[in-house]
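Me: Please take a close look at the side-chain contacts in this structure. I want the pairings, their geometry and their surroundings set out in plain terms.

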Amino acid sequence: MPLHPIAPGRTRHTPVWRRSGLLVLCLAVAATVLSLQSRLGLAQTNSVPPANDLAYVSRLRIHNPDPAQVVACELTLIDGVGTEAGQSLAVRLRPRVTEIVDLNDLPSLATGAYSGYLDCSHAVSTVLIYGEPGDRIYTAYAGTDEQQTSRKWQVLEVHTGSGNSEFASSIIVQNAGAEPNDLTIRFLSRRDGSLIHTISLSGLPAWSATKADLVDFPALAEHETVRAEVASSGPSAVLVFHHDAGGDNDGSAFRFPRAAFVPSHATATRFAYPAMLVNYQELNTTFEVLGLGSEPVRLSVEYPGFGTQEWELTPGRVTTIGRPAFMPKGSYVASVVITASHPIAMQAHTRHTNGSIAVLTATEQAGTKVSAPLILRRRDGFSSMVTCQNLGDQATEVIFEHVGRFARIKYAEPGHSITRHMAQENLLPNNYDGTMVIRAEQPIKCVVAQLRDPPADEAAGAAPVLSEAAEVRSLLVYEGLATP
């Protein structure tokens, strides 16, 4: 069965090093930050309503993190066959300004899904919000920069819409080059790596994208979850979404996207993750790890401040790593550093007790400056939680600066994480929707999550709690952007 054309896009940069990023459908309440100069992304205007009569739109937030430099960008949209959609938009960003581009406001753009690219004169960070007209947001995501595009990607868990899972997944692949691209997606058993199904597409046009919905492939119906390998003849970017699989009796109708994430092509031997949630507001984080190659992998998982756990990974099998017995039960946020004897791929999965899921790809990327284009405080029932991990070898001050307002300073030991809750930040007004820049002397990695605000009858300083009826919005990895 052929892949279905959809449209993501790229962002390019000519004067500076190029980065592309795939932007994906978003459950918009979590922000991701990706520093870039060029970026791929999926744009969506009012689409044909699905069975539940929902129509989706996209809004792109572009942040200039530079304190002095004006940035000029141009957004160009591409249709599903790789030709220009006849729509481009020039955006000029003053220092430290965030601009919001609502794709539904472009008058000559027809209803549908588009790929696009953003050319900027200097590094910017972006987040693409995916929701409904009227600002109801479902998910948010950032893209893969051009330096991180790859010809092979590992997706460690995707849902087929079968069995007891509440989810069904889609994989979007974008051609991240100027020449046609040939694609192959192999679906494999998570238990032993055996091949279940393969789909291929030849000649994907430059900068365009295609989508594979797992519910379309009968060969996967006997499996609740599988893993996938995406291979391409040229550079590509990949986006994955998990949808609510409600609707038709066969579970094939997607109600709305519940999580969106960009898997990492990175196959490193050392990874770090700042926000392992342990019984934290009914949220728990586990790690999906795959050893690459045919040899067993020795794995050392360090939980700074608690201890270290040793594992041996079986070739081809995805191993799930949860809270070790030596860590207290409690309710807290921990950091993790994983070291492997051979290259691995890794994802972090955070689940709520109501079954909601959020996925983050754990990468080795870090920097001394992180730009977060979407920070909320008590806006539409949500507030942001920001967690940063010190990946350096010395303790460091971490400065959380609310652009144009004020800054807070926290102290982080090597390997450890620190967390700030916007709901508890009394210097920010209610209904706040802004931007944060995070800086440190040592390299850091940060994660921003949007959580439900406490009910009105709780104390004003209470930590945000995700209600049983609410879904996890988005948890996205922020990649540090080093600047002079």
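Reply: The link of Cys73 and Cys120 is right-handed, with 115° about the S-S bond. It is a disulfide, here a pair of cysteine sulfur atoms within 2.5 Å, and its S to S distance is 2.0 Å. This is a predicted model, in which local features need pLDDT of at least 70 and side-chain atom pairs count only at pLDDT 80 or more, while totals for chains, interfaces and linings use all residues. Residues are numbered from 1 along each chain as its sequence is written, and side-chain values use heavy atoms, with hydrogens and water left out.

Cys73 sits in strand 4 (residues 71-78) and Cys120 in strand 7 (residues 113-131), so this pair links distant parts of the chain, 47 residues apart. Strands are DSSP runs of E of at least two residues, numbered from the N terminus. Cys73 counts as buried at 5% relative accessibility, and Cys120 counts as buried at 3%. Buried means under 20% relative accessible area, exposed over 50%, and partly exposed in between, with a 1.4 Å probe and protein chains only.

The structure holds 2 disulfides. The other one joins Cys388 to Cys446, with 2.1 Å from S to S. Its torsion about the S-S bond is about 105°, so this disulfide is right-handed. Cys388 belongs to strand 25 (residues 382-390) and Cys446 to strand 29 (residues 432-452), so the bond ties together parts that are 58 residues apart in sequence. Cys388 is buried, with a relative accessible area of 1%, and Cys446 is buried at 0%. With the bonded cysteines of the protein chain numbered in sequence order, the pairing is 1-2, 3-4.

Arg61 is in strand 3 (residues 57-63) and Asp433 in strand 29, 372 residues apart. Arg61 counts as buried at 5% relative accessibility, whereas Asp433 counts as partly exposed at 31%.

Another salt bridge runs from Arg439 to Glu401, with 3.2 Å between the closest N and O atoms. Arg439 is in strand 29 and Glu401 in strand 26 (residues 396-402), which puts the partners 38 residues apart. In this pair Arg439 is partly exposed at 32% relative accessibility, and Glu401 is buried at 15%.

Arg408 and Glu425 form a salt bridge whose closest N and O atoms are 2.7 Å apart. Arg408 lies in strand 27 (residues 406-412) and Glu425 in the loop between strand 28 (417-421) and strand 29, so the pair ties together parts that are 17 residues apart in sequence. Arg408 counts as partly exposed at 30% relative accessibility; Glu425 is buried at 5%. Elsewhere, Glu157, Arg190, Glu288 and Arg351 are linked in a network of salt bridges.

Next come the nonpolar parts. A nonpolar core is a set of buried Ala, Val, Leu, Ile, Met, Phe, Trp, Tyr and Cys residues joined through side-chain atoms within 4.5 Å. The largest has 25 residues, and Phe287, Val289, Leu299 and Ile344 touch the most other members. Two or more residues each come from strand 16 (270-278), strand 17 (283-291), strand 18 (297-303), strand 21 (332-340) and strand 22 (344-352). Leaving aside neighbours within four places in sequence, Phe287 is in contact (heavy atoms within 4.5 Å) with Tyr273, Met276, Thr319, Thr320, Ile321, Val336, Met346, Gln347 and Ala348. Apart from this core lies another of 24 residues, among them Leu204, Phe217, Val238 and Val240.

The rings of Phe187 and Phe217 have their centres 6.0 Å apart and their planes at 40°, so the pair is tilted. Rings of Phe, Tyr and Trp (its six-membered ring) pair if their centres lie within 6.5 Å; planes under 30 degrees apart count as stacked, over 60 as edge-to-face and the rest as tilted. Phe187 is in strand 11 (residues 181-188) and Phe217 in the loop between strand 13 (209-213) and strand 14 (225-244), 30 residues apart. Both Phe187 and Phe217 are buried.

How values were computed
Helices (H or I, at least four residues) and strands (E, at least two) are DSSP runs, numbered from the N terminus. A salt bridge is a side-chain nitrogen of Lys or Arg within 4 Å of a carboxyl oxygen of Asp or Glu.
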